[in-house]
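These are my notebook entries on a single protein model. I set down what I looked up, item by item.

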Amino acid sequence: MARDIRRAAVLGAGVMGSGIAAHLANAQIPTYLFDIVPKELTEEETRKGLTLESKEVRNRFSLKGWNNALNSKPAAFFSKKNAELVTVGNFDDDMERLKECDLIIEAVVENLAVKQQLFKRVSQFRTPGTIVASNTSGISVSKMAEGLNKDFQEHFLVTHFFNPPRYMKLLEIIPHPKTKQDALQAIERFCSYTLGKGVIRAKDTPNFIANRVGVEGIMYIMHLMLQEGLRIDEVDAITGVPMGRPNSATFRTADLVGLDTLAHVARTVYDNCPNDERREVFALPDFIKKMIDGGMLGDKTGRGFYKKERAQDGQSVRKVLDPATMSYIETIKPDYPSLKGLKGIEDPKQRIAKLVSMDDKAANFAWKVLADSFAYCANRIPEIADTILDVDNAIKWGFNFQLGPFEAWDAIGVRQSIERMQKEGISVPKNVLGMLEAGKESFYTKKNNTVYFYDFKTKDYVPASKNPDIILLPELKEQGKVLEHNDGATLYDLGDGVACLEFHTKMNAIDPDIVGMMNKSIAIVEERFEGLVIANHAQNFCVGANIFLILAAAQNKDFEQLETIIREFQDANMRLRYSKKPVVAAPAGMALGGGCEILMHADRVQAHVESYIGLVEVGVGLIPAGGGCKELYKRCVESVIENPPADLFPFVRKAFELIALAKVATSAQEAIEWGFLKPTDGMTFNRDFLIQDAKKAVLALAQTGYRQPRELKNIPVAGEGAAAALKVYVQGMRNAGFATEYDVVVAFKLADILTGGKVRPGTKVSEQYLLDLEREAFLSLLGEDRTLARIQHMLMYNRPLRN
């Protein structure tokens with residue numbers, strides 16, 4: 001039976017509840033957010049003359065949660081406009097509204113009795129057939145639904161979101177023994193496609209999958225640190241990027257999560273898993289207990305394993321806790337040869353393998369951490385999950401590791417690592433020994449372009465299930481679907497008459513190879529295909545031009561080469577814009593500078609919701625010169641091109657502010673609101689489906705009679721008067737101390753471009769005219785030593801120089 005989730009309710013307006021409600025609103029699902037009714041007034045409410053019967057008082061906790069979500073950093077909402085879709089209420093006055101809902105998610109305090117009491121009330125109001133889910137991080141799904149009616153249990157399950165709900169991919173689903181398959185499948189599809197989550201079915205065991213094995217790893221690292229005599233910042237230097245893990249590593253991650261939350265998860269296992277062979281690892285070290293007692297909980301209290309302090313020069317400095325003295329000390333940068341030896345190794349598999357192959361304190365620490373993780377995870381199957389695939393995905397999606405534990409084990413070498421474990425007296429799981437005895441040397445293998453994983457139950461490899469909506473470019477390469485290739489980009493055949501252009505330079509920075517492949521791709525597509533997708537699997541779509549290349553040419557005063565580079569990029573973008581076949585760009589992550597300009601020249605953009613888009617060139621003393629100024633201004637005046645008003649200043653001012661302030665949209669939705677994307681562009685919540693969605697967009701354009709656009713030659717510009725007004729505004733910012741002298745130089749150049757240069761108001765110009773202005777301004781700025789200084793500073797410190 002098909003189920004549509006059109007309205008939802010979240011019960012509990014704390015950090016998780018308000019975050020879940022915000023993300024439901026991001027998906028355009030109207031959502032109720034309820035919490036308890038306060039029992040007494042605050043001083044402020046008393047001063048206002050409010051009573052316990054006032055709606056503002058009765059909804060105090062849900063209103064607080066709503067406001068916290070609205071103002072949270074990082075932002076919980078894609079756009080503040082989405083907050084309008086969240087309606088606050090309370091458990092006493094508004095439970096009747098649950099009858100309107102297709103999905104009810106509980107997110108109250110982690111207390112079984114409190115949850116059971118709330119679910120009894122929910123059962124009185126919900127419409128039969130409505131799915132009810134708990135966001136518990138570890139309480140038994142069976143116990144929560146004890147004593148409730150059959151229909152409730154048949155539509156009850158756990159949906160365990162990770163914090164923050166907008167950003168974290170993992171969602172663990174734990175069905176009740178009586179949950180109906182259609183309800184389970186409906187919620188899995190909703191969470192995967194509508195909310196963009198990586199869904200894993202877990203078992204009804206304490207802390208489920210990710211927190212069970214992930215927190216064991218964190219707790220083991222804490223104990224091992226004390227045994228080995230390492231510092232907290234030393235451990236973070238080892239257990240972060242070198243091991244294929246986030247830069248926040250172990251202790252910085254714990255500060256982000258909150259030490260109280262981490263301790264709760266650890267205690268849950270310690271109290272409820274008496275037969276866990278690593279139970280004592282979950283016991284809190286004494287210094288952790290002291291931190292909790294002293295309110296040193298991490299970022300939420302301003303101090304945890306790290307604390308920021310203000311130095312004498314006014315700069316913020318981060319200090320680190322010394323567990324022995326419980327005081328904060330200066331951080332250090334560890335000087336281990338093993339860590340230095342990893343420089344330049346991008347592949348996490350190669351990086352981990354090299355790290356544990358070396359012999360110093362850091363390498364040996366990393367090995368012990370991995371060996372513990374390997375053994376613990378293997379011993380948890382089938383207790384917490386049926387397959388190694390589920391464990392690997394849970395850790396990657398829930399903790400942002402680049403590799404799951406079994407993938408990391410393969411990277412090191414299973415047999416080789418087991419021999420080392422045995423030599424060092426580490427207990428090796430019997431199921432892994434059995435795998436080797438059966439002649440299986442790795443957890444994963446590939447046959448006929450299909451990934452297989454080792455299944456401990458059948459003692460053989462089984463194929464990993466594949467969703468047809470997931471297109472993986474490396475698989476197309478293995479299948480011989482590469483059409484053209486150079487060092488910067490590759491063109492693939494996606495099938496069904498659609499090609500895909502992938503960038504693969506470092507950070508996907510635009511260089512001559514990419515520009516050349518853009519031109520070649522359009523030529524091939526116009527001759528042989530229905531249309532083109534521009535996409536990749538990298539963390540960022542494209543961070544802009546190769547600034548090293550630009551800087552080198554500018555330092556050598558090679559302005560002829562620079563003009564050629566810029567003109568060719570402009571021409572390539574115009575070729576995208578006026579191709580005979582539709583072009584759809586599919587960004588995810590950052591699309592900055594030239595990356596944004598590529599998007600703006602596509603027919604359509606199918607953006608991952610977490611796309612961060614903007615024209616940021618002014619940060620290095622330049623202006624957009626790949627058609628960004630031209631295209632953004634075009635969008636601002638698009639609605640009045642045929643009948644322009646006498647005053648075009650309001651139109652040009654919008655484009656000017658977006659570029660001059662280097663504004664970056666923090667979501668695809670915000671990019672649409674600001675004009676970097678169009679209202680007709682699409683958004684994909686789950687990045688796994690992004691290329692398929694872009695392919696569908698290309699085919700939809702082709703099948704509805706796509707016609708090659710015509711270059712505009714009648715764009716009305718505001719002229720010298722508007723440029724003068726913008727310059728007065730900029731000078732005012734300078735006088736007020738909000739802009740530097742060189743900011744004024746750059747802004748004046750930008751004002752001249754966007755207003756059309758030395759022309760009268762209402763003059764109509766061509767796109768090429770505006771491109772020429774862009775290019776001339778860009779080259780003139782590159783002739784300034786102050787621009788080169790800004791570029792060098794950005795490359796060195798990754799932040800703008802205010803000169």
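**Conventions.** I worked on a predicted model, in which local features need pLDDT of at least 70, side-chain atom pairs count only at pLDDT 80 or more, and totals for chains, interfaces and linings use all residues. Residues are numbered from 1 along each chain as its sequence is written, and side-chain values use heavy atoms, with hydrogens and water left out. I took helices (H or I, at least four residues) and strands (E, at least two) as DSSP runs, numbered from the N terminus.

**Entry 1: the open sheet.** I asked in what order the eight strands of the open sheet lie. The order is E3-E2-E1-E4-E5-E6-E7-E8, and the pairing is mixed. Its edge strands are E3 and E8 (198–201), each of which pairs on one side only. From one strand to the next, the twist averages 25°; for such angles, axes are lines fitted to C-alpha atoms, for helices over the stretch in contact, and angles run from 0 to 180 degrees between N-to-C directions. Two strands are taken to pair if DSSP finds at least two bridges between them. Within this sheet I looked at E5 (residues 131–134) and E6, which run parallel and are joined by three bridges. Serine 134 has valine 158 in E6 as its bridge partner.

Entry 2: I next examined strand E16 (residues 489–495). Is this strand mostly covered or mostly open? E16 is mostly covered, with five of its seven residues buried; buried means under 20% relative accessible area, exposed over 50%, and partly exposed in between (1.4 Å probe, protein chains only).

On one pairing, E15 (residues 482–485) and E16 run antiparallel and are joined by three bridges. Histidine 485 stands opposite threonine 490 of E16. I noted that E15 and E16 form a hairpin with three residues between them.

E16 also pairs with E17 (residues 498–503), antiparallel and through six bridges. Here alanine 489 has phenylalanine 503 of E17 as its bridge partner. The hairpin of E16 and E17 has two residues between the strands, and aspartate 496 in the turn has a positive phi of about 60°.

**Entry 3: the loop between E17 and H22.** I followed the chain into the loop between E17 and helix H22 (512–528), where asparagine 508 is placed. Its phi is near 55°, a positive value in a residue other than glycine. Asparagine 508 is buried, with a relative accessible area of 2%. Threonine 505 lies in the loop between E17 and H22 as well, and is buried at a relative accessible area of 18%. Leaving aside neighbours within four places in sequence, I found threonine 505 in contact with Gly488, Asp511 and Ile514; contact means heavy atoms within 4.5 Å.

**Entry 4: asparagine 448.** I then checked asparagine 448, in the loop between strand E12 (444–447) and strand E13 (450–455). Its phi is positive, about 50°, although it is not a glycine. Is asparagine 448 buried or exposed? At 75% relative accessibility, asparagine 448 counts as exposed.

**Entry 5: cis peptide bonds.** I recorded a cis peptide bond between lysine 73 and proline 74, with omega about 0°. Proline 74 is in the loop between helix H4 (60–71) and strand E3 (86–90). The peptide bond from asparagine 163 to proline 164 is also cis, with omega near 0°. Proline 164 lies in the loop between strand E6 (156–161) and strand E7 (170–175).

**Entry 6: helices H12 and H13.** I looked up how H12 (residues 259–272) meets H13 (residues 286–293): their axes come within 10 Å and cross at roughly 130°. H12 and H13 are therefore oblique to each other; angles under 35 degrees count as roughly parallel, over 145 as roughly antiparallel, 65 to 115 as roughly perpendicular and the rest as oblique. The contact is made by Leu259, Ala263 and Arg267 of H12 and by Ile288, Met291 and Ile292 of H13.

**Entry 7: tyrosine 729.** At 31% relative accessibility, tyrosine 729 counts as partly exposed. Residues up to four places away in sequence not counted, tyrosine 729 touches Arg653, Phe656 and Glu657. The C-alpha atoms of tyrosine 729 and isoleucine 534 are separated by 38 Å, the two residues being 195 apart along the chain.
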